[in-house]
Amino acid sequence: MPDTFRSVRHWMSLGEYIYLQILGLTAAGTSTAAWTGMLDRRTGQWDQELLDVCGVREEQLSEVRDPDQPITEVDAAVRRRWLALAGAAWFPVLSDGFSSNMGAGAVHESAVAASVATSGAMRVLVHGIPEEIPSGLWCYRVDGSRSLLGGAVNDVGRVVSWLQSTVRFLPEDDFNLILAAARQASTPLVLPYFSGERQHGLGG
């Protein structure tokens with residue numbers, strides 16, 4: 001839809017849009033900006049070369065802020081409207097991967113956070129900006145001193161739904177017990193790429 005693309009004034013995530021409606025200004029958390037694939041993970045700023053390739057101007061994107069750089073200066077009209085939030089610090093929107101690790105307490109390089117839903121991912125918070133990323137994994141910057149390294153697959157919970165609708169189980173079979181049963185020599189190994197590989201090389 002090239003006409004729609006050309007008419008866009010500002011590209012933003014849902015969280016950024018909500019802030020814009022409430023505060024009249026917004027910012028993208030570093031991890032959220034990294035999601036776009038257009039953030040230079042070494043500098044934490046928008047990558048001009050990628051912006052040029054994508055046909056996006058930097059002024060169409062939000063300011064990038066680390067998680068410890070909240071929005072504090074808002075218009076007086078906003079302060080009057082939200083009296084209970086006068087002087088509040090509005091922290092930039094974070095990605096769900098970074099939030100998942102923080103919420104699970106997986107904040108050290110020795111801890112891996114596993115997320116299992118329709119899709120699934122395993123992520124570890126590492127210090128610094130790794131120069132080399134293992135094949136099949138991804139790595140994105142989350143603040144000035146840390147990055148999130150991990151891998152993901154599209155089909156996790158979706159596999160359970162597929163099994164229930166595709167495999168003919170007997171009425172007396174307990175599906176939960178089947179899933180929890182110990183693996184046997186005859187148990188098939190299945191790579192659940194039913195809707196495609198989430199990232200190249202992870203199953204290699």
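The largest nonpolar core has 15 residues. A nonpolar core here is a set of buried Ala, Val, Leu, Ile, Met, Phe, Trp, Tyr and Cys residues joined through side-chain atoms within 4.5 Å. Buried means under 20% relative accessible area, exposed over 50%, and partly exposed in between, with a 1.4 Å probe and protein chains only. Ala33, Leu39, Trp46, Leu51, Leu61 and Val142 touch the most other members of this core. A second, separate core has seven residues, among them Leu23, Ala27, Ile71 and Trp90. In soluble globular proteins, nonpolar side chains tend to be buried together.

The model is predicted: local features need pLDDT of at least 70, side-chain atom pairs count only at pLDDT 80 or more, and totals for chains, interfaces and linings use all residues. Residues are numbered from 1 along each chain as its sequence is written, and side-chain values use heavy atoms, with hydrogens and water left out.

Start with Trp46. Leaving aside residues up to four places away in sequence, Trp46 touches Ala33, Thr36, Met38, Leu39, Leu51, Glu58, Leu61, Ser62 and Val64. Contact means heavy atoms within 4.5 Å.

Now turn to Leu61. Leu61 sits in the loop between helix H4 (48-54) and strand S4. Helices (H or I, at least four residues) and strands (E, at least two) are DSSP runs, numbered from the N terminus. Leu61 counts as buried because its relative accessible area is 10%. Arg9 is 52 residues from Leu61 in sequence, yet their C-alpha atoms are 9.0 Å apart.

Glu73 lies in another loop, between strand S4 (64-65) and helix H5 (76-81). Is Glu73 buried or exposed? Glu73 is exposed, because its relative accessibility is 64%. Its C-alpha atom is 22 Å from that of Gln45, 28 residues away along the chain.

Next, the whole chain. Its secondary structure comprises eight helices and eight strands. Of its 204 residues, 32% are buried. Among contacts with a separation of 6 or more, 56% join residues 24 or more positions apart. The radius of gyration, taken over C-alpha atoms, is 21 Å, whereas a compact globule of 204 residues would have one near 17 Å; the globule rule is 2.2 Å times the number of residues to the power 0.38. Along the principal axes, the C-alpha atoms fill a box of roughly 65 × 45 × 40 Å.
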